[in-house]
Each structure stands twice: as structure tokens, then as C-alpha cells.
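This report is written to be read beside the sequence and the three-dimensional view.

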Amino acid sequence: MEQYVRLWELLADIQLHPDTGDSITLSLTPNGCYSASSAYKVQFLASLPCQFGHIVWKTWAPPKCHFFAWLAVQNRLWAADRLAKRGWPHHPTCQLCRTSPETARHILFECRFSKRIWTAAASWLSCPDLISSLGEGRPKVLDYWLAVSKTTTSSPKGLRSAITLITWEICKERNEWVFNNKSSLPSVVMHRMREEGKDWILAGARNLAELLG
Ligand SMILES: [Zn+2]
């Protein structure tokens, strides 16, 4: 209805002349003429900017890990805090450390088990500043993710792939605890991560290969 009224107002002063032919002008191009590129751009007129472009979608990772990262940075992983809100079955305490309440932020960045993984990964990636970038007490998963992504390194793109890989492996280890009651030492998780990293590089993760030298 609003659009109809607007159109009414726009047309109110227009006079039609029976002897004048119609002409079509495209308001989306500077010269008013149709072009294939302008038609393509029309599809994105109502699209919203995605703040996760660089850290999720433009980072090399398998599609399932992209999806995992996209959920994680929006705090949409099914950790105990979210399960509790819906009244669904959950372990309220983090199964990796068995001391703190479980949240996605805790699992991925704050848990003492996860910090051991981050420390080992910093050494693997020859990226000692990763731990100081991680910091602590950040309010959201996204804050941690952005902070570690800004660590100074020879290959920022490779680092973003590595962050997806590290968080993915930590989350998988958490799921092994919760769903299969199986646990692994941090050294075993790191071994799996290195092997997975090799597969990613074989599959095309060139920036990760650069980072690992
Ligand atoms: Zn924990």
C-alpha cells in the first residue's frame, strides 16, 4: 500500500500526450540503458552485508567447517547454555575440564583443555603471538575469533584457515566426550589436527601451506 501511494504521488503531476511515443529508461544505469551487469546487480539490491565474509566464507576450509564456523561466530553451537534455555538434555559442566559451565565461548577459547590445544597450535604454526591475541574474558565467540584472526603472521589467510581447523578439532573432541564418552590427550588432538591440515593442503589450502612453511 505504501508503494502504491508513493507511485500515486510520483505520477500525480505527469500528463500523458497521445501523440508522444513511450520510451523506457532503466534507472539503475547512469545512461538509462539496459545492460546484463545492471540486471545481475539488481539481484543484490536487498541483500544484507555479511560481517563474516573474511573470517568464515572467504577462508579456505571444507564446506562442513565453513558451516561450523558460521554457526560458532554467531554463538549458535549447541553448547549446554543454549540447550538449557530450551529444556533439552545436556551436561551443565564442560566435559573437557569438568569444572566450568559449558558455553561455546568456553569450549573453544576459555577451557583449560582448549588453551593447551591453542598453545600447542601456536607452536605448530610458528605463531607465538596467537596466545596473547587470544586474551581472556571476551564477551562473545566472535570477539575471540576476530582477536586471534588479527595475530601478526606471514600469512593472515593461512591463519584464518588454521583458526577454523583448531576450533573444529576442539569441538570434535568435545563431542567425543559428550556423545561417545571418549577422551583424548591434547597431543592426540594435535596429531589429528596436523593430519587434517595435511588433507586440507592437498585439497587446495595453499595459504595454510604457506603458513606452515
Ligand atoms: Zn572446560
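## Basis of the model

This is a predicted model, in which local features need pLDDT of at least 70 and side-chain atom pairs count only at pLDDT 80 or more, while totals for chains, interfaces and linings use all residues. Residues are numbered from 1 along each chain as its sequence is written, and side-chain values use heavy atoms, with hydrogens and water left out.

Helices are DSSP runs of H or I with at least four residues, strands are runs of E with at least two, and both are numbered from the N terminus. A residue is called buried under 20% relative accessible area, exposed over 50%, and partly exposed in between, using a 1.4 Å probe and protein chains only.

## The zinc site

Which protein atoms are the donors of the zinc ion? They are SG of C94, SG of C97, NE2 of H106 and SG of C111, at 2.1 to 2.3 Å from the ion. Donors are N, O and S atoms within 2.8 Å of the metal (3.2 Å for Na, K and Ca); water is not among the atoms, so sites may look incomplete. The angles subtended by the four donor atoms run from 103 to 112°, and the arrangement is therefore tetrahedral. Four donors count as tetrahedral if all angles lie between 85 and 135 degrees.

Along the sequence, the donor residues follow the spacing C-x2-C-x8-H-x4-C. C97 belongs to the loop between α5 and α6, and C111 to the loop between α6 and α7, so this pair ties together parts that are 14 residues apart in sequence. C97 is buried because its relative accessible area is 6%, and C111 is buried because its value is 0%.

## Aromatic pairs

A pair of aromatic rings is described by the distance of the centres and the angle of the planes. Rings of Phe, Tyr and Trp (its six-membered ring) pair if their centres lie within 6.5 Å; planes under 30 degrees apart count as stacked, over 60 as edge-to-face, and the rest as tilted. The structure holds 10 aromatic pairs. One of them joins W78 and W88, whose ring centres are 5.1 Å apart with planes at 45°, so the pair is tilted. W78 is in the loop between α4 and α5 and W88 in the loop between α5 and α6, so the pair ties together parts 10 residues apart in sequence. W78 is partly exposed because its relative accessible area is 39%; W88 is also partly exposed, at 41%.

Why is the pair of F109 and W145 edge-to-face? The planes of F109 and W145 stand at 75°, with centres 6.3 Å apart, so the pair is edge-to-face. F109 lies in helix α6 and W145 in helix α9 (residues 141-149), so the pair ties together parts that are 36 residues apart in sequence. F109 is buried, at 0% relative accessibility, and W145 is buried with a relative accessible area of 0%. Ring pairs also link F109, W118, Y144 and W145 into a cluster.

## The largest pocket

On a 1 Å grid over the protein atoms alone, a pocket is an open set of points with protein on both sides within 12 Å along at least five of seven lines, and lining residues have an atom within 4 Å of a point. The largest pocket contains about 320 Å³ of space, where grid points are joined across faces, edges and corners and a volume is the space filled by probe spheres set on the points. Its lining has 20 residues, and W78, A79, R174, N175 and F179 are the closest to its centre.

At least two lining residues come from each of α4 (63-73), α5 (80-85), α6 (104-110) and α10 (156-180). Which helix gives the most to the lining? α10 does, with five residues. The lining comprises 14 nonpolar, three polar and three charged residues. Here Ala, Val, Leu, Ile, Met, Phe, Trp, Tyr, Cys and Pro count as nonpolar, Asp, Glu, Lys and Arg as charged, and the others, Gly among them, as polar.

## Positive phi values

Most residues other than glycine have a negative phi. S126 has a positive phi, near 50°, and is placed in the loop between α7 (112-124) and α8 (129-134). S126 is exposed because its relative accessibility is 62%. N181 also has a positive phi, near 55°, and lies in the loop between α10 and α11 (186-202). With 61% relative accessibility, N181 counts as exposed.

Technical notes:
On a 1 Å grid over the protein atoms alone, a cavity is a set of points where a 1.4 Å probe fits but cannot get out, and a pocket is an open set with protein on both sides within 12 Å along at least five of seven lines; lining residues have an atom within 4 Å of a point. Four donors count as tetrahedral if all angles lie between 85 and 135 degrees; four count as square planar and six as octahedral if opposite donors are over 155 degrees apart and all others between 65 and 115; anything else is irregular.
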